[in-house]
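Colleague: Hi! Could you walk me through this one?

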Amino acid sequence: MNSLIYILPMISVLAGAFVLMLLGAKSITKTKTFNLITVGFLIVAFTLEYSTLFLEREGYLYENIFAHVFIIDKFATIFNLMFTSGAILTLLINNDYFKSRHYFTGEYFALILFSIFGMMMLAHAHELLTAFIALETASLSVYALVGYHQNKKVSSEAMLKYMILGSLTGAFFILGTALIYGATGSTSFDIIALYVENHQLKDMTLLVVGATLLMVTILFKIGAVPFHAWVVDVYHGAPYPITMFMASTFKIAIFAIALRLYIIDFSSINYFWTEMLQVITILTLIGGSLIAINQKVVKRMLAGSSIVHSGYLLIGISSIGIGSDLAAPAIMFYLIAYFLSSAGSFGILSFIASQNKQEMTYEDFKGFAHRRPYLALIMSVFMLSLAGFPSTIGFLGKFYIFTSAIDSGQILLAGLGILTAFISVYYYFKLIAMMYFYPSDKVVQKFSIDISTIMIAFIALLIIWGGIGTSLLSFLPGANGFIEIAKEAIVSLK
Amino acid sequence: MSNILTNIIFLPLFIAVILGVLRAPLKLLKVGAFFSSILVLLLVVFVIIDFDPKGNMQLITYLPWIQSAGIFYYIGVDALSLVVLTLIVLLMPPLYLYMYHEKRKGYWYNMMILQTGVTGAVLSLDLMLFYLFWETMLLPIFIMIGMYGSGMHQYNSMKITLMTILGSMSMLFSILYIGYIYFETYGIWSFSLDKLSLLSFNPQTSLWLTAGFLLAFVIKIPLVGFHTWMAPAYGSAPTPAVVIMSSIMAKLGIYGIWRFGFTLFEETLLFYTPFIITIALIGLLYYAIRAVSENNLRRMFAYSSGSHLSLIALGLFVNNIYAWGGSLYFIATHALASAGMFIMIGLTYQRFRTLDINSLGGIAQKAPLFTFFFAFFALSIAGIPGTGGFVAELLIIIGAFKENFILGFLTSFTMLSAMIYIFWMLQRVLFGQPNNSTPFADLNIKETLMLLPLVILLILTGVVPSLFTPYFEPYLTQLLGVAS
């Protein structure tokens, strides 16, 4: 009975998916209604999940049925909150976009819910095969979503690219699982952790190879260089709502499993991967910056910059390996920060795209601030947060990541991080410059107050509050509160 | 009373936000902005009255901000920050008067945000808080140059932003590393200046950390070699932005070295002293030469400002009370003079639509009042006796002579070089035959009123320095007493 409250959010999401599938079979329901229903189910899931946040918990989900397959901890709860709120934001902000395009049907929304269900499972997963199934549930839904606009070549190309490469790396995950199973005789995280603790590194070749293969999948999914080839094209080819969903929500889900694996299971042999990770981090930071700096289309620039952000997160991961206690909360905080900023920036792009159908290059943003002053202001906030400008939550994210890197002695890596942050100022500020510094010959458009703009403005306020909010107002999680949440999540892991 | 500094920092921002949310009409916006600057001025007057020159840091507010990372909202005022603070609040009302005809609303908002940024940077005593304000004050400048500037303003705006952010990123690295060293030593995080000053670094690390801070500050000043953003940015920025950049932000570079550099890395800075003094001396000469050969009034005074800021930096690194007193005094007087000068240049541009020295001329015949103010500010930048600039330059030069003869000799060269380009410029701009058929109005009453306070202050600082010295002399003796 105790487990019920923890499984209800997942059930709610799944039920929503089925309801939408059934509704989608008939073509009488409007897109708007689909959207409302989806959001309704997600809000139920979110509320239920939130109500468990303050409960004391330990143990596993229905231990008598599933054994130790699903764990219940605050870590999973906080991730689930991010997934559901990410999906809610995606759907609400894109309300106008859904209306402006004809190809969104019931299945589309069902797929979003399926992928959220997969992610929630992933956050709870405490066993490798379950993790794989959860990961693939989420991924398959996202593959389909990326290519959802069948008549668009770029979209289909993106889907194929993503699916073929993604499935290939999925095979690595399976191989890694098999090898780990061969070594330990189990796929459960408990037993793997026990095995790792009781053996010397040199006796665990099989397990180490397996774990490295798992890491390949994870690095692919977050788009780390040299596994990044798909990122820009897929982000570009996907419809705006899906780009937003992938960048803000799906990427975080990968970190849920990565953190669990590397903090719990392989904690005592983390140092083995440190040098490898450091090299990949350096490549990711520099490669991502090079990609982002050369783009003309804003969406592609954001895609490129999302690689750089993966690089910052990798700095945190390699700091965990060296044994910095600050690193894990830093990653959590950075995830929250990046989640907000990328959801906002992609959201605003799709909001603009819902009103004119052209591709948005830097040039198209010339004079934008004169046409849409409020949207431009909000967009600037997102850009500043992504660039890590102080007084936004993005700055504090970088602050924690860099201090954790210094704490673990990776001073050069921290220096490189700061250098790439400087480079990122160029391509983010370029957009602000385009918006503000050129006159516009078109008329001023009014700031329409509807659900999309309200949500976008809400994220912008949250970003600023997360950057400067004081600890004096204890009931609102400001700059101080978010890091406390992140710490609690990490503590609950151990 | 302890909240007064908080009010001083955030009042303009608060009023800007209120006006923005209410979508205030232009007229209300103007009144609001001006009102905020006057209110802050009054608050600062209260602070000055209450200020105890013999005390250390005063009116301290110390509130938790991000506790787990040891970041506090920690502000306070001492003689050094009081000087810069007074300057800021003195310059804002005249600038708003200057902007009186400005119709673009963003302009006004940016000025208010800018004021919060610079005051915050001056008063904060927590390194992260300082960094926050230091970066924040860049944004309005970025927007103002880019949106309201002239010439290649988009490019120049991006250039100044990127260069200064490069500096502040290197400073951020140093700040983080210092915070970490504190954490390693004491087991908790802290970025408060007074706590961090207890640390001692190993020499190797210290060199790097100091370099991180210095890079940020010398780019902001800018010393020669880090100056490539200066002339283009000054050239394309609108007048209020130029005034803030040259009178306040450049001084914040000096202030930063003084406050953070000398508190944290007293000894390491000695290592950098020859280097800084050398580039400051080169700067004195280089900027003077550039100023002589420049035909655009605003760019010319950009170089002149660079030259005098090099002098201030030099005075700061010559470690004796004359030079330090001179530097502090020069921070104030140069800010007043260059603010007046750049406002005059702005007025010239409003009248002639050009700043090319060759197409100006013969102003003296038509507009005596204008000529008086123009010449007065130009000469007080050059440092003629009777203005504050003279006292300050004299003190720095005496300090330099006390250090060694050659340094003193080279330093006094600036005064000479400034005289050359200022007088030559005055002769070409104000006198001779009019080259320009534009009808030319003399200063009207409003413009006179806005410039008069600056003139009075400059004369007062020049004739009776004893009025002001009691405020910072105890501070300096104490500082140098500790140092030696």
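Modeller: Happy to! Let's start with one helix: α18(A) has 15 residues and reaches 21 Å from its first C-alpha to its last, close to the 21 Å expected at 1.5 Å a residue. Keep in mind that this is a predicted model.

Colleague: What happens just after α18(A)?

Modeller: Gly409(A) comes there, with a positive phi of about 85°.

Colleague: Is Ser391(A) buried or exposed?

Modeller: Ser391(A) counts as buried, because it has 20 C-beta neighbours inside 10 Å and the cut-off for buried is 20 or more.

Colleague: Okay, over to chain B. What about the phi of Arg23(B)?

Modeller: Arg23(B) is not a glycine, yet its phi is positive, at about 50°. You'll find Arg23(B) in the loop between α1 (4-21) and α2 (26-50) of chain B.

Colleague: Buried or exposed, that Arg23(B)?

Modeller: Arg23(B) is exposed: 9 other C-beta atoms lie within 10 Å, and the cut-off for exposed is 12 or fewer.

Colleague: New topic: where do the two chains touch?

Modeller: In this model, 24 residues of chain A are in contact with 28 residues of chain B. On the chain A side, the elements giving two or more residues are α18 (393-407), α19 (411-437) and α21 (479-493).

Colleague: Which of them gives the largest share?

Modeller: That is α19(A), with 11 residues.

Colleague: What kinds of residues make up that side of chain A?

Modeller: They divide into 17 nonpolar, six polar and one charged.

Colleague: How confident is the predictor about chain A?

Modeller: Chain A averages a pLDDT of 88, and 98% of the residues score at least 70.

Colleague: Last one: where are the cis peptide bonds you mentioned wanting to show me?

Modeller: One joins Val225(A) and Pro226(A), with omega about 5°. Pro226(A) lies in the loop between α10 (205-222) and α11 (231-237) of chain A. In chain B, a cis peptide bond joins Ile221(B) and Pro222(B), with omega about -15°. Pro222(B) sits in the loop between α9 (203-220) and α10 (230-236) of chain B.

Note on methods: Residues are numbered from 1 along each chain as its sequence is written. Chains are lettered from A and ligands numbered from 1 in the order in which they are written. This is a predicted model: local features need pLDDT of at least 70, side-chain atom pairs count only at pLDDT 80 or more; totals for chains, interfaces and linings use all residues. Two residues are in contact if their C-beta atoms, placed from the backbone, lie within 7 Å. Helices (H or I, at least four residues) and strands (E, at least two) are DSSP runs, numbered from the N terminus. Ala, Val, Leu, Ile, Met, Phe, Trp, Tyr, Cys and Pro count as nonpolar, Asp, Glu, Lys and Arg as charged, and the others, Gly among them, as polar. pLDDT is the predictor's confidence in each residue, from 0 to 100. The expected span of a helix is 1.5 Å times one less than its number of residues.
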